[in-house]
Amino acid sequence: MCLRIDKLEIELPLPKEPEPNAAAALQELLGGKYGEMSTLGNYLFQSFNFRSKSKLKPFYSLVANITAEELGHVELVSNGVALLNNGPGAPDEVEADISNAPFADMKDIRLAASFLSNGGGAMPMNSNGASWNMDFVTTTGNVIIDLLHNFHLECGARLHKLRVYETLTDPTGREVCGYLLVRGGVHAHAYALALEKITGVDIKKMLPTPNINLDRIPESQKYLEEGSHRRLYRFSPDDYKEMAGIWQGEKALPGDPPGTLEVVDGPPTGGKIPELEGTPSAFAPDYAPEEMFEIATKLYKKSR
């Protein structure tokens, strides 16, 4: 798998202020049963365990390629969680007074443990702090069962994203949901088409599940208008070409903007990864920030 690690899949708007409870809700998209850790874990181990990769290349290529995108989704949600926990810009406090209870608000935050354990970053847990675990992974070695499971997983993830979206008012979390609802629809559609090629059953008629069109989600509109709902991205210069036989030439789902499905070589354009300042009361970066930046600059120059 070939991934770019210097950009997020999309540009995220910055929150106006820290919103730890919104960050807790967004954690559900990361570590919940139908979260991005689950889709990544399922597709990753299915691709590892795929029988007869060379003989079943279109299906293997589809699962392996979507795996690569799911890793980008984990990174996207993690950055959304970090932004909502920390807020934009530099912290108000330059030097933390730990005797003044700088984390007093945490006693009222729904997922305080996430903030306190890692200084406001993301963790592989759901919105209640329960850890994601391997029990969420299904890999049977039977292509139809695995693809059917993946279709179910994407529909469940759509349900989760819609419910999380309904809890949020901040632009950061809503942007994450709006984009992932479009891309999750692509993956559900892709697995439905793969199953149709094998069995002849038109499973895509079940989509969208839940039956709520994305024209009701304002944050999804720009991604629909640019055609993101019709694209599978190919994350390697040499691999995954066979998945075009499943996807390419088919039509967009009813209810979405019309058009022909296409495979795009290379990842999405992407957006800037937001820079977060250290949180003094979390003892990060511990040394004075200017010292840390000076050390990092010297190491960077040494590596050139």
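A: One term to start: buried means under 20% relative accessible area, exposed over 50%, and partly exposed in between, with a 1.4 Å probe and protein chains only. This is a predicted model, where local features need pLDDT of at least 70, side-chain atom pairs count only at pLDDT 80 or more, and totals for chains, interfaces and linings use all residues. Residues are numbered from 1 along each chain as its sequence is written, and side-chain values use heavy atoms, with hydrogens and water left out.

Q: Okay. Is Asp-105 buried or exposed?
A: Asp-105 is exposed, because its relative accessible area is 57%.

Q: Where is Asp-105?
A: Asp-105 lies in the loop between helix H4 (57-86) and helix H5 (112-118). Helices here are DSSP runs (H or I, at least four residues), numbered from the N terminus.

Q: How many Å apart are Asp-105 and Asp-215 in space?
A: From C-alpha to C-alpha, 37 Å. In sequence, Asp-105 and Asp-215 are 110 residues apart.

Q: New topic. How many aromatic pairs are there?
A: The structure holds 5. Rings of Phe, Tyr and Trp (its six-membered ring) pair if their centres lie within 6.5 Å; planes under 30 degrees apart count as stacked, over 60 as edge-to-face and the rest as tilted.

Q: Which residues pair up?
A: Among them are Trp-132 and Phe-136, edge-to-face, with 6.3 Å centre to centre and 65° between the planes. Phe-136 is partly exposed, because its relative accessibility is 23%. Tyr-179 and Tyr-223 also form an edge-to-face pair, at 5.0 Å and 70°.

Q: Where do Tyr-179 and Tyr-223 sit?
A: Tyr-179 is in helix H7 (residues 171-199) and Tyr-223 in helix H8 (residues 221-225). They are 44 residues apart, so the pair links distant parts of the chain.

Q: Why does Tyr-179 count as buried?
A: Because its relative accessibility is 2%. Tyr-223 is buried too, with a relative accessible area of 5%.

Q: What about Arg-158?
A: Arg-158 is found in helix H6 (residues 143-167). Arg-158 touches residues including Leu-181, Pro-208 and Asn-213, not counting residues up to four places away in sequence. Touching means contact: heavy atoms within 4.5 Å.

Q: And Ile-295?
A: Ile-295 is in helix H10 (residues 289-303). Ile-295 is partly exposed, because its relative accessible area is 46%.

Key
Helices (H or I, at least four residues) and strands (E, at least two) are DSSP runs, numbered from the N terminus.
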